[in-house]
Amino acid sequence: RWRGHPATIAHPRCSVAQPGRARLTEHTKAVMLLDVPQEWFALALVAAPLLVTLCFVRRIANRPDHAQAVNLFVYPIKSCAEVAVQSATATPRGFEGDRLFQCTDKHGKYCTPRDDDKARLFKVSPRYEGESLVLRAANMPELRLARDAIAARVQCEVLCAPKPLTLLDAGDEAAAWLEAATQIPGVRLTGLPRDSDRVVVMNQDQGDAVPTSGAAPVSLADEAPFLLTSVESLADLNARLKARGKAAVDMQRFRPNIVVGGLLPWEEDTIKRLAIDGVEFHAWQRCGRCKMTTIDRQTLKHGPEPLATLSTFRERDHGQRNFGMHLVPAEGWAGAGRVSVGGRLEVLEYHEERRAEWLRLFRGQ
C-alpha cells in the first residue's frame, strides 16, 4: 500500500534514498502496519511544525502585558553578600555603591569564593548606612567605617582587569575584622577611588565588541556595570535540573543587579537595547558563568550544578555557559537615573542574530 510520496520525504526518521522516493525505515514500516493512508501521514508531517509555531504564538499572546524589574541588588563589597533594595541610582559605572570594594589578600590579589578557603566571604554582610559602610557577620561585632576614611593607595589585582589597579586601603581595623570573619590570613579591605579610570573591555571568549564608541566606565565588577537575569530563565533551568534529578538553585547563585519578570525563558538574549524606568542600556553580551555558581550559599560546599546542566543547552564557543545579560549604559545618557522594583522594561531594539538563535532553540518550549 505504501507507494511513497510523490515529493522527496524529509522526516527525521525517514531517510531519503533518491528524489521522489523514500527508503522505508522501521518507523515507516510501523506506519504501514497501522494501515494509515499516506495522505494522513503527509498531513501530519506538515501540521507538526505548524502546531509548534501556534503554541509559541499563543504563549507570547498569554504572557504578561509587559516585563518589569522584580528584584534589585547591590553588592557593596565584591564577592560578599548582596543587599536587596527597592530602588537604586543607576550611574555609568553601575548602581551607586555597587562593587566599590573588594577583599585583597596579603599579596595584593583579589579574594574570591571560587577558592575553597575563601568561601566565607559570602557570610560577610556589608551595607551602606548614610556615609558609613557597615560590616556584619555571625558571631562578630558590627564594624562601622567612614566611606572616605582611607589610609593609603595600593596596587591590587582585580579579577578580569587586564592590569593591576590603584585602590584605597581601608586601614588596619577593617583588615583585622575581615580576617577574623573570613579566616583569610592578611586580608585587607580595598576600595575604588572616585577618580578610577577602569573601563569595560571586550571579552574575547564571548566575541561581542563593547557597544559604545567611547570608553565605558566600570566598578570592580568582573566585566560590566550591570548584570540582568530573568525569573523565567531560572524557572526553566530549575525544570531541567529537576528532570535530571538535581536540586533547584536560587537566584543568589548568579549575583544579578536587576532581575526581571514577564519575558519568555531566555528571551533576554534577544534584546540589543532596553530601558527600565526610562534609563537606557545596551544589552551587550551574555554572561558566561563560572564555578562561583556551584557554591551552596548555606553550606559553602561546591558541587557540579548548575554548570553541568547549563552545559547541556547553554554552552557556546570557548566553553561559555551563559545565564544573564551584561548591560552597559547607553551613550549620551548623562548623570544618574533611578531604577525601582516594578519599573517597566521597554525593549528598544532587538539583536537580530541572537533573536534568530533564540527562536531556533527555544520557541517550541
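This note covers the cysteines, the aromatic pairs and the charges over rings.

1. Basis. This is a predicted model: local features need pLDDT of at least 70, side-chain atom pairs count only at pLDDT 80 or more, and totals for chains, interfaces and linings use all residues. Residues are numbered from 1 along each chain as its sequence is written, and side-chain values use heavy atoms, with hydrogens and water left out.

2. A disulfide here is a pair of cysteine sulfur atoms within 2.5 Å. Take C156: the closest cysteine sulfur, in C111, is 9.9 Å away, so it is too far for a bond. C290 is in no disulfide either. The nearest cysteine sulfur to that of C290 belongs to C287, 8.1 Å away.

3. Buried means under 20% relative accessible area, exposed means over 50%, and partly exposed lies in between (1.4 Å probe, protein chains only). C156 is buried, at 2%. C290 is partly exposed, at 27%.

4. Aromatic pairs. There are seven. Rings of Phe, Tyr and Trp (its six-membered ring) pair if their centres lie within 6.5 Å; planes under 30 degrees apart count as stacked, over 60 as edge-to-face, and the rest as tilted. One of the pairs is F254 with F323, which is stacked. Their centres are 4.0 Å apart, with 15° between the planes. F254 sits in the loop between α4 (231–243) and β15 (258–261), and F323 in strand β18 (residues 322–329), so the pair ties together parts 69 residues apart in sequence. Helices (H or I, at least four residues) and strands (E, at least two) are DSSP runs, numbered from the N terminus. F254 is buried, at 0% relative accessibility. F323 is buried, with a relative accessible area of 0%.

5. A pair between helices. The ring centres of F313 and F362 are 6.4 Å apart and the planes are at 85°, so this pair is edge-to-face. F313 lies in helix α5 (residues 307–313) and F362 in helix α6 (residues 352–362), so the pair ties together parts 49 residues apart in sequence. Both F313 and F362 are buried.

6. Cluster. Which residues do the ring pairs link into a cluster? They are F254, W266, F313, F323 and F362.

7. Charges over rings. A charge sits over a ring if NZ of Lys or CZ of Arg is within 6 Å of the ring centre and within 35 degrees of the ring normal. R240 lies over the face of F313, 3.8 Å from the ring centre. K109 lies over the face of Y110, at 5.5 Å from the ring centre.
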